[in-house]
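The structure is shown first.

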Amino acid sequence: MADDYVAPHVQDKSLNEAILSNDISFDFLPFIELCNRHYADEVDLSFGEGPRRTVAKDTLQGMLMDFLFPIHLIAEIGGVQVTVEAQHITSDTPDEQHSSWSAELLAKNGARHVMSWKTMRIWVAGKVVAEHLYEQSHEGPAIQYSDLELKRFDATYFPDHL
């Protein structure tokens, strides 16, 4: 019975640590792999007060890619620094694991946008079978094109062999 309480907590902690150990400015594909490794073939998703819907893992990966790819681009190409933090929230239910998340986007010109949310994951047999995102908030204006420090493409940018 004690394992019923410990295993989901350890699994959730492991997933959160793996998420935090990846650098979105370098690559977003490790996050897709984490989804592949830790999520069930079908996952119940819900956002805020919205309806719950069941999605296949490949659909979930596509949704994750739609969210991560723009962040990756503005970090890698636009010079925006991305800092992500997470904190575990104690739960009374063994298979329900809650976390508080924040992602700060900081442009070199000082423009700052912070996204915050909480997530509740339900684990069964070592896989996430449901995820609910709630208490989503934003602080600061969205990062604009004018906030980006885009790399310029000129003759010196390309290697000699092109």
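## Basis and strand pairing

Helices (H or I, at least four residues) and strands (E, at least two) are DSSP runs, numbered from the N terminus. Two strands pair if DSSP finds at least two bridges between them. This is a predicted model, in which local features need pLDDT of at least 70 and side-chain atom pairs count only at pLDDT 80 or more, while totals for chains, interfaces and linings use all residues. Residues are numbered from 1 along each chain as its sequence is written, and side-chain values use heavy atoms, with hydrogens and water left out.

Strands β5 (residues 112–124) and β6 run antiparallel, joined by 10 bridges. The two form a hairpin with 2 residues between them, and Ala125 in the turn has a positive phi of about 55°. Val114 lies opposite Glu139 in β6. On the parallel side, β6 (residues 127–139) pairs with β1 (residues 39–47) over 5 bridges, and Phe47 is opposite Leu133 in β6.

## Ser14

Ser14 belongs to helix α1 (residues 2–21). The C-alpha atoms of Ser14 and His38 are separated by 9.8 Å, at 24 residues apart along the chain.

## Nonpolar cores

A nonpolar core is a set of buried Ala, Val, Leu, Ile, Met, Phe, Trp, Tyr and Cys residues joined through side-chain atoms within 4.5 Å. The largest has 16 residues, of which Ile24, Leu105, Met115, Trp117 and Ile143 touch the most other members. Strand β4 gives the most to this core, with 3 residues. A second, separate core of 11 residues includes Tyr39, Leu45, Val55 and Leu60.

Note on methods:
Buried < 20%, exposed > 50% of the residue type's maximum accessible area, 1.4 Å probe, protein only.
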